[in-house]
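Please look through the structure shown here and follow the contacts described below, one group at a time.

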Amino acid sequence: MSFELRLALRHLIAGGGQTLLIVSGVAMAVTLVVFISCLIGGLQRNLVDTLTGPIAHVSLEAPQRVPRVPDTIPGQPDALVIASRQQRLWQPSTIDQCRCTEAMLRTFDHVTAVAPAVSGQALLTRAGTEKSVRVVASPPRQQDGISRLQDDLIEGNYLRLQNDETVIGYELAQELGVTLQDRVRLTTGAGISETFRIAGIVYTGSSSVDASTVFITLRGGQTLFGTGTLVTTFSVKLDDPFRADDVGDAMAASLDLEVDTWMRQNPQLLTALRAQTSSATMISVFSLIASSFAIASVLVVSVLKRSKEIGILKALGARRRQVLRVFTLEGLMIGISGSLLGGALGSAFVVLIAQIEAPSAVPGVAPRALFPGALIPSIIAGSMIAAVIATVIASVLPARQAADLDPVEVIRGG
Amino acid sequence: MGEEQVSAVEAVELEKVYYGAVPTTVLRGINMRVEPGEFVSVLGQSGSGKSTLLNCLGALDRPSAGHVRVAGQDLARLDDDELADLRNSQVGFIFQAHYLQDEFTCLENALMPVSIRKGNPGDEDLARVTRLLERVGLGHRLRNRPPQLSGGEQQRTAIVRALANEPRLVLADEPTGNLDSASSEQVFSLMREINQETGVAFIMVTHDDRLASQGDRILRIEDGLLFEE
């Protein structure tokens with residue numbers, strides 16, 4: 001152990017209560033930063049997870065067919081062409097060469113699941129009650145990679161779904177007053193009508209899914225929407241939801257498909273998340289700055305208290321840099337111990353508060369954490385490193401003050 | 001080159017001016033040399049410039065004009081770090097107050113100049129400094145901390161600290177100023193004995209004519225001028 005380190009250590013031990021105070025100051029700041037950042041980070045993850053869990057991160061559709069307008073009519077240069085663009089409401093455009101496209105989509109980075117689907121609007125009727133719903137018709141095993149439906153089931157089964165069966169959202173089931181094994185009728189805009197038996201009821205937490213989506217098999221959908229063996233949509237799931245726009249752009253660039261992402265559908269949510277993150281960052285930065293000032297002032301006082309010792313050290317031949325090192329090391333040790341303590345405390349608080357459960361409003365669904373904070377290693381490590389750096393910076397001023405002490409002044413004063 | 005030819009310390013036309021609101025000349029053209037093995041007493045009234053002279057001779061302070069040579073090295077040619085190294089290896093200081101560090105034991109305090117130089121004292125250093133502490137009668141106090149020592153013991157620890165790196169020159173600024181007469185006598189005798197045993201040159205500033213007269217030479221400083229008695 002170097003002489004400077006020994007000296008710094010002895011100073012801190014001799015400091016006793018004062019050292020404890022300053023270490024707790026750092027620890028408190030780190031606790032606050034870790035706690036707030038992990039809580040907000042956890043809430044955000046939870047929110048994004050709830051929102052994007054049951055839906056695709058990126059969805060691709062065949063472009064709508066628009067009538068091509070001739071610029072001129074041959075032989076009639078002055079003729080005026082009147083044409084209208086009309087979206088084809090009932091017949092969805094379809095993606096050819098389904099398997100080939102699917103395989104291609106899997107080659108993009110971050111893609112964890114791809115599901116081909118026929119999707120569209122339909123009218124769901126049950127004993128005189130009508131409800132407009134979105135139909136997602138997809139092979140259950142593949143769709144489960146997008147929507148986790150099997151895990152989110154309250155009752156029934158999704159993975160073994162038959163062509164004449166459907167899984168519907170919990171809120172929709174409540175509204176229609178239907179339960180497992182009941183039959184419902186789906187009617188498309190083209191007038192095709194089929195009955196389906198309810199094989200499962202799902203609660204995803206996302207009301208757009210729970211209140212107005214029904215899931216059927218791909219074959220069932222191809223019959224219902226009359227697409228033959230073609231599909232209308234590809235749903236893509238990514239390992240990181242926030243890469244949806246990037247991956248979507250890359251897909252749009254190489255495939256002739258219309259790309260939509262959850263991020264483009266929820267711009268307000270993203271803005272809110274960003275605002276939340278920056279306010280958490282602000283709180284963190286300011287609490288670290290405040291603690292740095294406190295540390296600096298305590299260290300300045302301790303240097304003043306020790307000015308005689310410092311003077312004598314210099315008289316005995318300590319170089320300026322050695323004295324500088326002693327007090328910077330004190331700051332470093334305070335920073336490290338305070339960070340470790342604060343990191344542990346903050347993490348403990350996050351874990352403790354995550355134990356508080358919000359009672360579930362839906363029977364059959366486990367209660368969720370009221371404050372779903374997450375121990376995010378990068379945030380914890382980042383806060384601790386930031387605190388150590390801030391403490392070392394705070395100790396530079398007092399250390400320089402010590403290093404610049406003139407031994408002659410100190411000894412004359414004594 | 002024989003060591004006898006190099007003075008322990010030498011001052012040539014040494015001047016020191018403090019540039020405050022009114023410039024004050026503290027030392028006016030001092031010429032002196034102290035040979036290895038000499039014990040020189042410096043007498044003078046307070047404010048006469050004794051401490052300033054000692055600080056300049058010990059490389060703590062830079063002169064305004066003139067030259068100081070410690071062990072043949074001209075201090076004007078050295079930068080701050082080199083001056084620090086020179087103080088560490090060639091000069092020992094003993095002040096009126098002991099300035100020991102309370103967090104360290106008697107032995108660790110005495111080893112302070114070695115630690116500053118090397119980081120960790122080696123076995124040889126440990127043995128040498130322990131011998132010195134035994135020599136000044138502190139063999140049983142090695143593990144005690146300064147607050148547990150008497151004033152005389154504290155000052156004896158400070159003497160060993162000044163000798164820890166085997167310097168050529170020890171500068172003592174009223175080393176007995178805070179001690180009762182018995183302790184004063186003991187501390188002075190030890191310095192004188194060590195001076196005679198090791199050949200380290202001592203310069204001692206004092207108010208005490210009786211102690212001063214027991215050295216080899218007495219220098220008297222008055223209004224920044226030095227007179228040999």
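**Rings, charges and an interface**

Over all chains, the structure, which is a predicted model, holds eight aromatic pairs. One of them joins A:Tyr170 and A:Tyr203: the ring centres are 5.9 Å apart and the planes stand at 90°, so the pair is edge-to-face. A:Tyr170 belongs to helix α6 (residues 170-176) of chain A, while A:Tyr203 sits in the loop between β7 (193-202) and α7 (207-212) of chain A, so the pair ties together parts that are 33 residues apart in sequence. A:Tyr170 has a relative accessibility of 15%, and because buried means under 20%, this residue counts as buried.

A:Phe242 and A:Trp262 make another edge-to-face aromatic pair, at 5.7 Å from centre to centre and with 70° between the planes. Here the loop between β9 (233-238) and α9 (244-254) of chain A holds A:Phe242, and helix α10 (residues 262-265) of chain A holds A:Trp262, so parts that are 20 residues apart in sequence are tied together. A:Phe242 counts as partly exposed at 40% relative accessibility, whereas A:Trp262 is buried, with a relative accessible area of 0%. In chain B, ring pairs link B:Phe39, B:Phe188 and B:Phe202 into a cluster.

Next come the charged side chains. Side chains of opposite charge can pair when their charged atoms come close. The structure holds 32 salt bridges over all chains. In one of them, A:Arg126 is joined to A:Asp182, with 3.9 Å between the closest N and O atoms. This pair links distant parts of the chain, 56 residues apart: A:Arg126 is in strand β2 (residues 111-126) of chain A, and A:Asp182 is in the loop between α6 and β6 (183-188) of chain A. At 25% relative accessibility A:Arg126 is partly exposed, and at 18% A:Asp182 is buried.

A:Asp249 and A:Arg264 also form a salt bridge, and their closest N and O atoms are 2.5 Å apart. A:Asp249 lies in helix α9 of chain A and A:Arg264 in helix α10 of chain A, so the pair ties together parts that are 15 residues apart in sequence. Partly exposed describes A:Asp249, at 42% relative accessible area, and also A:Arg264, at 38%.

In chain B, B:Arg217 forms a salt bridge with B:Glu38, at 2.8 Å between the closest N and O atoms. B:Glu38 is buried, with a relative accessible area of 16%. Salt bridges that share partners also join B:Glu10, B:Arg33, B:Glu35, B:Arg69 and B:Asp74 into one network.

How many residues of chain A are in contact with chain B? There are 26, and they are in contact with 25 residues of chain B. About 2,300 Å² is buried between the two chains, and carbon and sulfur atoms give 56% of this area. A:Arg10, A:Leu316 and A:Arg319 supply 27% of the area that chain A buries against chain B, more than any other three residues. Four salt bridges are counted between chain A and chain B. One such bridge joins the side chains of A:Arg319 and B:Asp81, at 3.8 Å from N to O.

Technical notes: Residues numbered from 1 in each chain as written. Chains lettered and ligands numbered in written order. Predicted model: local features only at pLDDT ≥ 70, side-chain atom pairs only at ≥ 80, totals over all residues. Heavy atoms only, no water. Phe/Tyr/Trp six-rings, centres within 6.5 Å; stacked < 30°, edge-to-face > 60°. Helix = DSSP H or I, 4+ residues; strand = E, 2+ residues; numbered from the N terminus. Buried < 20%, exposed > 50% of the residue type's maximum accessible area, 1.4 Å probe, protein only. Contact = heavy atoms within 4.5 Å. Buried area = accessible area lost by both parts, 1.4 Å probe.
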